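Hi everyone, thanks for making time.

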Amino acid sequence: MSKALAGYRILDFTHVQSGPTCTQLLAWFGADVIKVERAGEGDATRGQLRDIAGADSLYFTMLNHNKRSVTIDTKKPQGKAVLERLIAGCDVLVENFAPGALDRMGFGWERIHALNPRMVVASVKGFGPGKYELCKVYENVAQCAGGSASTTGFDDGPPMVTGAQIGDSGTGLHLALGILAALLQRHQSGRGQKVLAPMQDAVLNLCRVKLRDQQRLERTGTMHEYPQYPDGEFGEAVPRAGNASGGGQPGAILRCKGWETDPNAYIYFITQAAVWPAVCKVIGEPNWIDDEAYATPAARLLHLKPIFARIERWTMTRTKFEAMDILNQLDIPCGPILSMKELAEEPSLRASGTVVEVDHPVRGKYLTVGNPIKLSDSPTEVTRSPLLGEHTDEVLSQFGFSPAQIDALRAERVI
Ligand code: CAO
């Protein structure tokens, strides 16, 4: 079966996590992704967080599937000449260097656009234009600068970063979407364009509901869905809401049977208005269905703490999976807190290809997260990440370099 992006060539100048997330996705959709790395070193993550001596780390392998790797020293004149030919023959250049690095290399937008007017040039940067545009940025900086950390955690604790890599992988997803839009526009315009996804902006986009709440707070001075209501105080900015949903349907993380020894024996329980009678019945409080203190969503917002404490007395009598089974039959929205161990072993994720076992010639078998986006006419087969420079000869000969020229470039330590 053909692939959605078959025929598109991506020149992949990305490293670490944000950019590689984007290009891996494009590769899974069928694009030919050619990752350019520095000879001898490669992407710094190849050697970071190593669990097997001499093998590419899981950090690298899990972000660079389905790509080809070429090594080119793009600071040497002959390397720049090779790069020029690759630029002329590819559709998209993706990079997430520190600000200015591509210009210093001699390949700013004007130059690339002159070499290949159809090329889309896509960049991740920490910040967009403005005061901080020249800063280097990693994941947690983006979470802090994008509004996630100030709104995550408990009210009486410090700002908190999340385990989900919304700054890196989240921005990579944004960039991939921008690239696809630019390629679609190219069908009409015939021109490439610049695509920029700043990490601060991507995180803020994912924190959109908190900017909603900021404006609600400024208008009304309170937010009834937040745990600070009705007893606590609100300040000027959206407070941290712990595990409250903060949205229209109150929710909480509650202990389940086994919580004393299992750090993940918890369930997220949502008291959706539509199933309130079912909630009351299952926890053994049928009188709450008509009791005016609990009967309406507005009334319940005044008593969320005691309501969830009562529900927790019930969830503590069941394991999280038993509670799931009972609550799902009643249509009560809930979700078990799953550990990474449980997710790695989850049969449905294995069956759907979202958790995949991959074989690697140096490190052997390992698990990875496959393509979470499923296209019915473009299925994804996850193939292992490339070794450093594994495809240098193959790619250069595809771009018209003769074996003698390749040997000469190698002798000059350009590739
Ligand atoms: N041949 C020769 N030189 C190469 C090369 C190649 N094939 N590939 C890269 N280089 C050079 C670059 O030209 C640059 O050189 P100069 O600094 O002399 O111009 C240098 O390698 C490395 O660039 P860098 O500054 O991007 O790398 P860093 O490790 O210092 O910084 C990071 C890393 C992530 C902080 C920075 O790249 C960045 O801020 N990127 C944008 C935001 C981003 O994506 N952050 C998320 C990273 S994932 O957590």
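Let me begin with Leu49, which sits in the loop between β2 (32-37) and α2 (58-61); helices here are DSSP runs of H or I with at least four residues, strands are runs of E with at least two, and both are numbered from the N terminus. Before going further, please keep in mind that this is a predicted model: local features need pLDDT of at least 70, side-chain atom pairs count only at pLDDT 80 or more, and totals for chains, interfaces and linings use all residues. Residues are numbered from 1 along each chain as its sequence is written, and side-chain values use heavy atoms, with hydrogens and water left out.

Back to Leu49: its phi is positive, about 55°, although it is not a glycine. Is Leu49 buried or exposed? Leu49 counts as exposed, at 70% relative accessibility. The cut-offs are under 20% relative accessible area for buried, over 50% for exposed, and partly exposed in between, with a 1.4 Å probe and protein chains only.

Now look at Val16, in the loop between β1 and α1. Val16 also has a positive phi, near 60°, but Val16 is buried, with a relative accessible area of 14%. Gln17 lies in that loop between β1 (9-13) and α1 too, and Gln17 is buried at 7%. Leaving aside neighbours within four places in sequence, Gln17 is in contact (heavy atoms within 4.5 Å) with Tyr59, Leu63, Gln165, Asp168 and Ser169.

That brings us to α1 itself. How many of its residues are buried? The count is 11 of 11, including Ser18, Cys22, Leu26 and Trp28. Just after α1, Gly30 takes a positive phi of about 110°.

One more backbone detail: the peptide bond from Tyr229 to Pro230 is cis, with omega near 5°. You'll find Pro230 in the loop between α10 (208-220) and β7 (251-255).

On to the ligand. It is surrounded by 23 residues, and the closest are Lys75, Ala98, Lys136, Val137 and Asp168; a residue makes that list if one of its heavy atoms lies within 4 Å. By class, this shell has 10 nonpolar, 6 polar and 7 charged residues. Here Ala, Val, Leu, Ile, Met, Phe, Trp, Tyr, Cys and Pro count as nonpolar, Asp, Glu, Lys and Arg as charged, and the others, Gly among them, as polar.

Which atoms make polar contacts, meaning N or O pairs within 3.5 Å? A polar side-chain atom of Ser18 lies 3.0 Å from a ligand oxygen atom, and a polar side-chain atom of Arg38 also lies 3.0 Å from a ligand oxygen atom. From Thr74, a backbone N or O atom lies 3.0 Å from a ligand nitrogen atom.

The largest nonpolar core has 34 residues, of which Leu26, Val94, Leu175 and Ile179 touch the most other members. Such a core is a set of buried Ala, Val, Leu, Ile, Met, Phe, Trp, Tyr and Cys residues joined through side-chain atoms within 4.5 Å. Among the elements giving two or more residues to this core are α1 (18-28), β4 (92-95) and α8 (169-189). Beyond its neighbours within four places in sequence, Ile179 is in contact with Cys22, Leu26, Val92, Val94, Ala122 and Val195. A second, separate core of 31 residues includes Val238, Val275, Cys280 and Ile311.

Terms used. A polar contact is a pair of N or O atoms within 3.5 Å; within protein, one must be able to donate a hydrogen and the other to accept it, and residues adjacent in sequence count only if both atoms are side-chain atoms.
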